[in-house]
Amino acid sequence: MFKYADRISNYAKTAAVVRDLFMKTSDAETISFGIGAPASESLPVEITREIVNDVFTRDSRGVEALQYSNPIGLPDLRREIAKNLLQPKGLTATEDDVAIIAGGLEAMNIVCQLLINPGDVILVESPTFVQSVEIFELFQAKCVGIEMDDEGVVIEDLEKKIKEYNPKFIYVIPSFQNPSGRTMRVERRKAVAELASKYEVPVLEDDPYKELRFVGEDIPPIKYFDKTGHVIYANSLSKIYSPGARLGFIYASRDFLYEVFNVKTATNSQNNGIAQVICAEFFKRGLYQSHLAEVRKIYLERRNVMLECIDSMLPAGTKRVCPEGGLFIWVELPEGYDTTELLKKADDYKVSFLPGEGFFIGGKGEGKNCMRMGYGNVTVENIREGMARLASLINDELNSGK
């Protein structure tokens with residue numbers, strides 16, 4: 001019926017993975033470890049209701065919230081982000097260095113609009129966030145994987161592939177990486193920034209989990225080590241305030257933000273004004289720090305319970321990452337298991353997860369025995385029950401010869 005653009009076929013396989021990610025969460029009886037949603041208990045419903053009641057009048061901020069506004073965001077929200085989310089990281093920022101975007105994913109879309117022509121190469125971690133790859137492929141980019149180990153990207157492989165592929169940009173998630181849960185160590189962050197400057201290749205630093213550290217010492221972002229303006233720092237308010245608000249931000253050089261302004265006017269004109277007013281008040285009223293402390297407690301408990309279940313319930317020889325923050329645990333089952341095939345049978349056990357193979361570039365079978373396990377929006381009781389169901393599935397497959 002329709003003659004679709006060539007880009008549609010370019011991202012069809014990745015889009016199917018992302019579509020399944022959301023579809024598996026629709027069954028109320030299924031315990032889903034598949035999606036990286038924040039805990040329902042962490043959503044500031046009561047705080048938001050109080051803010052709305054206070055400011056949504058004509059004499060306060062009601063008209064401002066409902067009217068057109070600056071395409072790169074309300075000034076007071078940009079000031080609060082600079083003050084609360086950038087300056088504590090050692091990043092010298094004012095409102096003029098920040099652009100508000102429609103959730104963290106819009107950063108990938110905007111950067112691609114500004115930098116990518118069909119056929120251009122983007123270097124990505126391997127494994128990496130599949131939804132970002134979906135966006136990159138929609139712009140008809142070619143994604144090339146960078147080797148990772150437990151300390152993040154392997155710098156030697158990154159430099160080798162910069163020389164080989166001359167990429168348009170490098171995409172990394174340095175803190176509690178999605179999907180692996182790994183954190184890039186400080187020496188490698190510095191090295192990534194230095195390579196960006198040396199080869200004049202931009203880095204898109206996607207850092208939506210940065211604030212969700214619940215153990216260990218904080219590490220400066222890659223942007224902290226950027227001396228030449230090649231690092232574009234992107235973050236989201238979805239995990240620390242609300243995914244429904246659809247708010248994120250970009251911190252970058254002002255010449256880049258000038259182009260971001262132009263892209264915003266050419267696409268969605270502005271961000272949600274209602275959400276921006278509420279979120280600005282959330283920060284201005286000093287509610288952020290206490291809220292974040294409670295959120296971290298929830299995730300620490302859930303991480304610990306899931307680690308305990310993995311270690312006690314899954315087959316001998318199973319390996320897993322112990323994340324210092326974030327929402328995911330990367331699990332590697334013994335050789336011979338195929339988590340994509342396991343997921344096809346998981347409906348019968350009323351449990352779901354994300355198979356590891358879909359997070360790797362190239363379709364070479366990497367991650368075939370791996371899975372991403374999300375604990376963010378799963379209660380402690382459901383983590384234990386869901387892991388027991390998963391263990392039954394895996395054991396039944398073992399007994400049937402896999």
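**Cysteines, a helix and some backbone details**

Modeller: Cys-112 is buried, with a relative accessibility of 1%. Please bear in mind that this is a predicted model.

Colleague: How many disulfides does a search of the whole structure find?

Modeller: The search finds zero disulfides.

Colleague: Let us turn to helix 10. Which of its residues are buried?

Modeller: The buried residues in helix 10 are Phe-256, Leu-257, Val-260, Val-263 and Lys-264. They lie on the same side of helix 10, because they cover an arc of only 110° around the axis.

Colleague: Why would residues that are apart in sequence point the same way?

Modeller: An α-helix has 3.6 residues a turn, so residues three or four places apart point the same way.

Colleague: What does the face turned away from the buried side carry?

Modeller: That face of helix 10 carries the exposed residues Asp-255, Tyr-258 and Ala-266.

Colleague: How does the span of helix 10 agree with what it should be?

Modeller: Helix 10 comprises 13 residues, 254-266, which should span 18 Å at 1.5 Å a residue. Its end C-alpha atoms are 19 Å apart, in agreement with that value.

Colleague: Now the backbone. Where are cis peptide bonds found?

Modeller: One joins Ser-126 and Pro-127, with omega about 15°. Pro-127 is in the loop between strand 3 and helix 7. Another joins Asn-178 and Pro-179, with omega about 20°, and Pro-179 sits in the loop between strand 7 and helix 9.

Colleague: Which residues other than glycine have a positive phi?

Modeller: Arg-246 is one of them, with phi near 55°; Arg-246 belongs to the loop between strand 9 and strand 10 and is partly exposed, at 37% relative accessibility. Ser-269 has a phi of about 70°. Ser-269 is in the loop between helix 10 and helix 11, and is partly exposed at 33%.

Colleague: Finally, the surface. Which residues make the nonpolar patch?

Modeller: Met-1, Phe-2, Tyr-4 and Ile-8 make a nonpolar surface patch of about 560 Å². Ile-8 lies in helix 1, residues 6-10, and is partly exposed, with a relative accessible area of 33%.

Terms used:
Residues numbered from 1 in each chain as written. Predicted model: local features only at pLDDT ≥ 70, side-chain atom pairs only at ≥ 80, totals over all residues. Heavy atoms only, no water. Disulfide = S-S within 2.5 Å. Buried < 20%, exposed > 50% of the residue type's maximum accessible area, 1.4 Å probe, protein only. Patch = residues over 30% accessible without salt bridge, like charges linked within 9 Å, V, L, I, M, F, W, Y side chains within 5 Å. Areas by Shrake-Rupley, 256 points an atom, 1.4 Å probe, with all protein chains shown as cover. Salt bridge = Lys/Arg side-chain N within 4 Å of Asp/Glu carboxyl O. Helix = DSSP H or I, 4+ residues; strand = E, 2+ residues; numbered from the N terminus. Expected span 1.5 Å × (residues − 1). Arc of directions from axis to C-beta.
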